[in-house]
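The report that follows reads a structural model part by part, beginning with a single residue and widening to the whole assembly. Please keep the sequence and the coordinates at hand while reading.

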Protein chains: 2
Amino acid sequence: MNPELYILGSSSANPTRERNPTSQILKIGSEKIMIDCGEGAQMRLMQFGIRQTGIDYICISHLHGDHYFGLIGLISTMSLMGRKQMLHIIAPAPLKNIIDLQILHGIMHIHFEIKFHPTNPNVPEFILKTQSFELSSFPLKHRIHCTGFLIKEGKKERHLNMQAIDKHEVPVAFYKSIKTGKNYIAENGTEVLNKELTLDPTPIRSYAYCSDTIFDPTIVPYIKDVNLLYHETTYLHNLAQKAAERFHSTAKEAGIIAKMANVGKLLIGHFSSRYDNLQPLLEEARVEFTPTELAIEGLKIEI
Amino acid sequence: MNPELYILGSSSANPTRERNPTSQILKIGSEKIMIDCGEGAQMRLMQFGIRQTGIDYICISHLHGDHYFGLIGLISTMSLMGRKQMLHIIAPAPLKNIIDLQILHGIMHIHFEIKFHPTNPNVPEFILKTQSFELSSFPLKHRIHCTGFLIKEGKKERHLNMQAIDKHEVPVAFYKSIKTGKNYIAENGTEVLNKELTLDPTPIRSYAYCSDTIFDPTIVPYIKDVNLLYHETTYLHNLAQKAAERFHSTAKEAGIIAKMANVGKLLIGHFSSRYDNLQPLLEEARVEFTPTELAIEGLKIEI
């Protein structure tokens with residue numbers, strides 16, 4: 001199954017009646033990654049029927065509240081629900097102090113380990129690798145320490161070519177090693193090359209998350225050719241100057257970045273609360289890059 | 001106009017699909033007091049059409065997250081909306097460090113003054129007085145430093161007895177001083193006593209908030225005779241032991257406290273997420289104290 005992205009919130013700094021602050025869930029293999037965790041993210045999980053169990057990785061791009069004020073509440077609820085499994089938090093280093101202070105003064109008894117992985121705001125960095133994915137961060141230009149995230153599926157097994165397998169009478173016991181790329185040596189000593197017995201694996205899917213950032217083409221190498229790019233679009237381009245002053249991007253600029261990076265699809269979000277109607281943002285981005293969609297709350301998108 | 005209480009949330013520690021964590025707004029005179037501020041309180045304000053402007057006082061009972069995790073988000077939004085007016089926060093002292101740390105690392109520019117009033121967990125204390133109300137705190141027995149709050153309308157003017165005013169031909173210019181209790185001295189030197197010219201003012205209305213607390217009759221003197229009492233009822237009485245272990249109360253116990261304190265009306269809330277149907281909690285409390293209501297989200301109740 002391809003990875004699936006769920007949008008829990010897509011507002012910029014101020015929530016609106018219809019839009020909550022930024023949070024997403026990426027289901028990838030058997031694992032779930034939360035990306036940013038604005039206030040109320042745990043309520044959105046309930047609303048959209050996504051279980052907290054299995055969220056073992058939470059990536060926080062930066063310490064503006066609309067990207068992390070929901071985290072301590074989620075940790076608290078995870079603990080009250082009896083969580084035992086380690087939780088990885090990938091975030092700017094000071095978040096650890098903020099969380100620790102709240103745990104201390106609430107005398108919260110957290111019965112699972114929280115492993116902090118501090119992000120580096122200056123250079124791209126590999127963060128961690130699991131059975132299902134590889135996660136890295138890269139610098140974004142915002143008013144404070146901020147990183148984007150790149151998530152790629154892990155290495156995939158080769159597919160067995162059953163016609164060839166039958167022809168060479170390969171016993172089932174060898175299937176596993178052949179899928180990993182090994183040759184087959186029959187009882188009589190004959191060697192059959194792996195490329196004869198297998199087909200290429202399903203291509204590895206990738207997702208890049210860029211919020212918040214000023215228009216910045218230097219990120220293009222980090223996000224090149226991803227299947228799906230999320231890029232913030234706080235404003236329409238008629239407010240390009242305001243966007244730049246506040247280190248945010250316009251819909252047009254997001255479209256330009258998507259085109260430069262040759263991505264498969266662009267998802268735009270982090271909309272200013274001034275926009276009730278989001279269609280003009282979508283249309284503006286599509287002028288630059290046609291396969292663009294709006295990150296509307298409740299949206300599920302296959303990568 | 002009598003004070004009005006709005007319920008923004010009434011869940012205990014874990015939010016549910018229908019119930020958000022604790023928060024209330026008391027409109028009193030021309031002012032608004034927020035009491036506790038669980039995660040998502042600012043979204044509930046929008047949902048129920050209550051403007052943030054005018055919320056100049058926020059009381060936080062204790063530092064369990066379901067009572068304050070929404071505060072930093074509300075402060076952030078107040079700032080982004082251009083607030084300039086001082087905000088009073090009445091809370092356990094360590095909350096100041098928690099808020100300051102988040103403001104520091106988010107490099108948030110807060111353009112209004114936040115005045116912290118640390119609460120005392122050991123003895124009842126007068127906190128502050130405004131044009132509309134007097135606020136005090138009193139100790140609650142919970143697992144951590146926790147206080148209840150008592151809010152009374154400020155001193156009210158006496159009503160003019162217009163028949164007597166006309167009889168003594170009192171000029172309009174004297175009305176203001178007579179309402180404050182002064183006698184009237186006519187031009188010819190005759191003195192008319194105030195009690196002849198006025199009627200008693202409308203009685204002062206009062207509200208007491210008790211969450212979270214174990215069943216504790218020692219609070220009765222602090223809440224005696226209030227018009228409205230909010231008392232937590234995390235559990236039904238068949239879980240009285242669990243309630244006591246966790247320093248919470250049952251519906252029956254809330255009813256007993258209301259009866260002992262001779263309050264006008266009881267409002268129960270802070271319901272455990274185990275209860276989908278709240279009627280049994282209401283019925284149990286009403287056995288002890290008939291004028292009891294459920295603190296359902298969106299409820300507006302006149303005091």
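Lys152(A) touches Phe133(A), Glu134(A), Ile204(A) and Ser206(A), leaving aside residues up to four places away in sequence, where two residues are in contact if their C-beta atoms, placed from the backbone, lie within 7 Å. The residue belongs to strand β9 (residues 147-153) of chain A; helices (H or I, at least four residues) and strands (E, at least two) are DSSP runs numbered from the N terminus. Lys152(A) is partly exposed, because 19 other C-beta atoms lie within 10 Å, and the scale behind that word calls a residue buried if 20 or more other C-beta atoms lie within 10 Å of its own, exposed if 12 or fewer, and partly exposed in between, with C-beta atoms placed from the backbone. Lys152(A) and Thr202(A), although 50 residues apart in sequence, are 13 Å apart in space from C-alpha to C-alpha.

This is a predicted model, in which local features need pLDDT of at least 70 and side-chain atom pairs count only at pLDDT 80 or more, while totals for chains, interfaces and linings use all residues. Residues are numbered from 1 along each chain as its sequence is written, and chains are lettered from A and ligands numbered from 1 in the order in which they are written. The mean pLDDT of chain A is 95, and 100% of its residues reach 70 or more, pLDDT being the predictor's confidence in each residue, from 0 to 100. For the model, ipTM is 0.88 and pTM is 0.91.

Chain A contains 10 helices and 18 strands, and its C-alpha trace spans about 75 × 50 × 35 Å along the principal axes. Of the 303 residues in chain A, 48% are buried. Among the contacts in chain A with a separation of 6 or more, 64% join residues 24 or more positions apart. The domain assignment, whose bounds come from an automatic or database source, divides chain A into domain 1 (4-156 + 202-302) and domain 2 (159-199), and the C-alpha centres of these two domains of chain A lie 42 Å apart.

Helix α9 (residues 251-260) of chain A is mostly covered, with eight of its 10 residues buried; among them are Lys252(A), Glu253(A), Ile256(A) and Ile257(A). The cover over the buried residues of α9(A) includes α7 (220-223), β15 (228-232), β16 (265-269), α10 (279-288) and β17 (292-294) of chain A. After α9(A) comes Asn262(A), with a positive phi near 55°.

Ile223(A) touches Leu150(A), Ala208(A), Cys210(A), Leu229(A), Ala261(A) and Val263(A), not counting residues up to four places away in sequence.

| Site | Feature | Value |
|---|---|---|
| Ser211(A) and Asp212(A) | cis peptide bond | omega about 0° |
| Ser211(B) and Asp212(B) | cis peptide bond | omega about 5° |
| Asp225(B) | positive phi, not a glycine | about 65° |
| Phe247(B) | positive phi, not a glycine | near 60° |

Asp212(A) sits in the loop between β14 (206-210) and α7 of chain A. Asp225(B) lies in the loop between α7 and β15 (228-232) of chain B and is exposed, because 11 other C-beta atoms lie within 10 Å. Phe247(B), in the loop between α8 (240-245) and α9 of chain B, is partly exposed, because it has 18 other C-beta atoms within 10 Å.

The contact takes 30 residues from chain B and 30 residues from chain A, and α1 (41-47), α2 (71-80) and α3 (95-105) of chain B each supply at least two residues of the side of chain B that touches chain A.
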